[in-house]
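My entries follow in the order I made them.

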Amino acid sequence: MSFVVRCMDCGHAAPYFPSSINCPRCNSQWREAEYEYDSLADSFLRQIAGRPFDLWRYRELLPIRNPNPSLSLGEGGSPLIRAVNLGMMLGLPNLFIKDERQGPTASFKDRQAAVTIAALKEAGITEMVAASTGNVAISYSAYAARAGIKLWAFVTSLVPAVKMREIALYGSQVVKVTASYDQAKKLAAEFARQRNLYLDMGARTITSIEAMKTIAFEISEQVTSLLGPPANAAHQWRTPDWYIQAISGGMGPIGVYKGFRELRQMGLVDRIPAIAPIQADGCAPMVTSWKKGLEEAEPVLSPRTHIETLATGDPGRAYTLLRKYVNETHGVFESATDEETYRAMHVLAKMEGLSAEPAAAVAFAGLFKLVRAGTIKPTDVVVVNCTGHTMPAEPYILGDNWSRNVVLPSRAEDKPQEGLLAALTSVAPDRFHRVVIVDDSPESRRLIRRILQSQGNFQIIEAADGKSGLETIQRELPDLIILDLMMPEMDGFAVLDALKAKPETAEIPVIVASAKELTPEEKSRLEGQIQSLMQKGDFLNDEFLDEVRSLIH
Ligand SMILES: *Cc1c(COP(=O)(O)O)cnc(C)c1O
Ligand SMILES: [Zn+2]
């Protein structure tokens with residue numbers, strides 16, 4: 001495989017060597033790997049066919065001469081999961097999650113570590129330095145352990161202790177720095193300079209950008225197999241409309257952009273998705289600078305967020321580069337508060353079964369905002385990178401009452417069964433409020449059921465059409481009815497008329513959940529008949545549950 005490293009400033013091309021970080025002509029540190037795209041275009045698809053779905057599938061486009069399988073921990077090849085429930089809540093049927101939690105150390109930094117450590121091993125380098133807010137150091141440590149490379153990990157004192165211990169567990173030297181992440185980076189750089197050690201350069205590291213671009217390759221392959229080939233038969237692969245990721249230094253989206261650009265250069269795709277990098281509000285130098293139209297980022301000197309993973313206050317030139325990519329793809333920069341993030345994290349877990357760490361959840365909080373603002377359209381194909389695993393953040397999210405405790409009497413010999421039953425009744429009351437859901441769409445019923453289940457105890461009875469819904473309501477006399485309007489044969493309006501005609505059902509509160517925008521005539525038909533009207537796609541607002549609670553108590 002042949003490639004060069006080309007300087008972004010003067011255009012000079014040089015051979016790649018991990019420890020030579022400056023352009024030999026102009027001294028710039030901003031350089032990119034460049035491959036022979038024209039000749040690759042003919043052979044790439046044939047070469048990758050039949051290979052396992054992992055990062056090394058694309059080895060012709062990686063800066064490693066001889067990939068060493070014995071260093072691999074199974075990096076890359078993460079699933080692209082369709083987020084059916086979240087998509088329905090947001091009115092976004094083509095919402096996908098690139099589940100990077102499934103990497104060997106549970107974050108997308110595993111791609112970076114796998115490729116970088118492979119390059120260092122190939123170059124005979126045995127000691128390295130990296131500053132980290134946790135995950136980079138964890139990933140590097142795991143791969144360094146396998147490769148016999150010593151890592152000096154400079155972490156800020158705000159990095160959670162569990163993460164620090166994991167770094168140490170792999171045999172790396174943890175250097176805890178009580179200062180900002182930007183200062184820890186400076187200290188690490190000085191340490192590496194004095195000892196003449198290899199230093200991880202963040203977004204300027206060739207191997208890191210090259211590793212991140214495999215996310216774009218995988219997404220294109222996966223979106224194509226899920227949604228079918230693109231309309232234009234000149235191209236083999238499809239791309240989504242949006243790529244959304246939580247960022248700190250911005251290395252991920254810079255690499256992902258490059259990946260899509262290379263696919264376009266080889267003619268495999270016709271366009272690059274809109275890039276949407278999301279930052280934490282308390283440390284959002286790129287977002288504020290972009291919104292002000294600045295070409296260079298104004299640094300944030302003291303980040304104010306609990307989400308330490310994303311605390312790059314001074315992005316430097318990575319911003320200028322990313323700004324160019326965001327503007328060119330008609331993307332946006334957005335930010336989210338810690339509170340919005342914790343809520344998004346909880347929604348993601350209870351709606352899709354994905355427990356992400358707060359840093360990863362920032363992307364979802366950003367997604368919710370962009371959908372509400374109308375920036376992302378209902379027809380768009382959206383991929384959100386779920387960058388990392390759960391961290392112990394439950395105290396922020398769940399409050400105090402998330403567990404029910406069962407205490408068995410110590411002298412259970414007497415009447416063991418009775419003691420157990422008595423203990424269990426304290427777990428839940430005997431009778432739950434009963435809710436009938438009348439909706440012809442099984443997905444809608446499942447979504448509403450899920451929302452109710454995740455927030456309390458209800459006995460939920462479903463009916464799939466108006467007629468059986470009416471019968472169910474008349475039989476069960478529930479505490480609440482959630483009613484769809486558009487159903488074949490007997491529609492929601494007819495069900496309402498029948499309910500109001502009988503005294504035993506006339507007073508049961510009704511929430512109408514409708515998939516479509518109602519006409520003024522339809523709205524006036526509902527007036528006085530129902531307690532509340534919810535638009536599907538609006539369910540993310542806590543209003544729905546507040547409404548349910550207020551009607552039932
Ligand atoms: C590193 C990291 C990020 C930010 O990535 P960049 O692309 O380098 O800004 C986001 N989420 C998690 C979980 C991370 O570990
Ligand atoms: Zn140069």
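**Ile244**

I started with the contacts of Ile244. Leaving aside neighbours within four places in sequence, I found Ile244 in contact with Ala276, Ile278, Ala363, Leu367, Ile376, Val382, Val383, Val384 and Asn385. I am working from a predicted model here. Ile244 sits in strand S10, residues 242–246. Buried or exposed, I asked of Ile244? Its relative accessible area is 0%, and the cut-off for buried is under 20%, so Ile244 counts as buried. I also took a distance to Ser132. Ile244 and Ser132 are 112 residues apart in sequence, and their C-alpha atoms are 22 Å apart in space.

**Arg51**

Next I went to Arg51. I located Arg51 in the loop between helix H1 (37–48) and strand S4 (80–82). Its relative accessible area is 18%. The limit for buried is under 20%, so I logged Arg51 as buried. Which residues does Arg51 touch, not counting those up to four places away in sequence? I listed Trp56, Arg57, Arg59 and Glu60.

**Helices H7 and H8**

I then turned to helix packing. Two packed helices are described by the angle between their axes and the distance between the axes. For H7 (residues 206–227) and H8 (residues 251–265) I noted an angle of about 60° and axes 7 Å apart. Angles under 35 degrees would be roughly parallel and 65 to 115 roughly perpendicular, so H7 and H8 are oblique to each other. Their crossing is right-handed. I wrote down who makes the contact. From H7 come Ser208, Ile209, Glu210, Met212, Lys213, Ile215, Ala216, Phe217, Ile219 and Ser220. From H8 come Met251, Gly252, Ile254, Gly255, Val256, Lys258, Gly259, Phe260, Glu262 and Leu263. Sorted by class, the contact of H7 with H8 has 11 nonpolar, 5 polar and 4 charged residues.

**Helices H16 and H17**

H16 (residues 466–476) and H17 (residues 492–501) pack at about 25°, with axes 9 Å apart. Angles under 35 degrees count as roughly parallel, so H16 is roughly parallel to H17. H16 passes H17 in a right-handed crossing. In H16, I found Gly466, Leu470 and Ile473 meeting Val495, Ala498 and Leu499 of H17. By class, this contact of H16 with H17 has 5 nonpolar residues, 1 polar residue and no charged residues.

**The sheet**

I traced the strands next. An open sheet of 5 strands runs in the order S15-S14-S16-S17-S18, with parallel pairing. Which strands stand at the edges? They are S15 (458–463) and S18 (532–535). Each has a single partner strand, so one side of each is left without a neighbour in the sheet. The twist averages 20° from one strand to the next.

I checked the pairing at S18. Strand S17 (residues 510–514) pairs with S18 in the parallel sense over 4 bridges. Ile511 has Ser532 of S18 as its bridge partner.

Helix H15 (residues 442–453) lies across S14 (433–438), S15, S16 (480–483) and S17. H15 runs at about 175° to S15. H16 lies across S14, S15 and S16, at about 165° to S14.

**Glu517**

I followed the chain to Glu517. Glu517 lies in the loop between S17 and helix H19 (520–526). Glu517 is exposed, with a relative accessible area of 58%. Not counting residues up to four places away in sequence, Glu517 touches Glu522 and Gln535.

**Positive phi values**

Last, I looked at backbone angles. Asn27 has a phi near 75°, a positive value in a residue other than glycine. I placed Asn27 in the loop between S2 (13–14) and S3 (31–35). Asn27 is exposed at 53% relative accessible area.

Glu489 also went into the notebook. Its phi is positive, about 60°, although Glu489 is not a glycine. Where is Glu489 found? I found Glu489 in the loop between S16 and H17.

Note on methods
Residues are numbered from 1 along each chain as its sequence is written. Chains are lettered from A and ligands numbered from 1 in the order in which they are written. This is a predicted model: local features need pLDDT of at least 70, side-chain atom pairs count only at pLDDT 80 or more; totals for chains, interfaces and linings use all residues. Side-chain values use heavy atoms; hydrogens and water are left out. Axes are lines fitted to C-alpha atoms, for helices over the stretch in contact, and angles run from 0 to 180 degrees between N-to-C directions. Helices (H or I, at least four residues) and strands (E, at least two) are DSSP runs, numbered from the N terminus. Angles under 35 degrees count as roughly parallel, over 145 as roughly antiparallel, 65 to 115 as roughly perpendicular and the rest as oblique. A crossing is left-handed if the near helix is turned anticlockwise from the far one by less than a right angle, and right-handed if clockwise. Contact means heavy atoms within 4.5 Å. Ala, Val, Leu, Ile, Met, Phe, Trp, Tyr, Cys and Pro count as nonpolar, Asp, Glu, Lys and Arg as charged, and the others, Gly among them, as polar. Buried means under 20% relative accessible area, exposed over 50%, partly exposed in between (1.4 Å probe, protein chains only). Two strands pair if DSSP finds at least two bridges between them.
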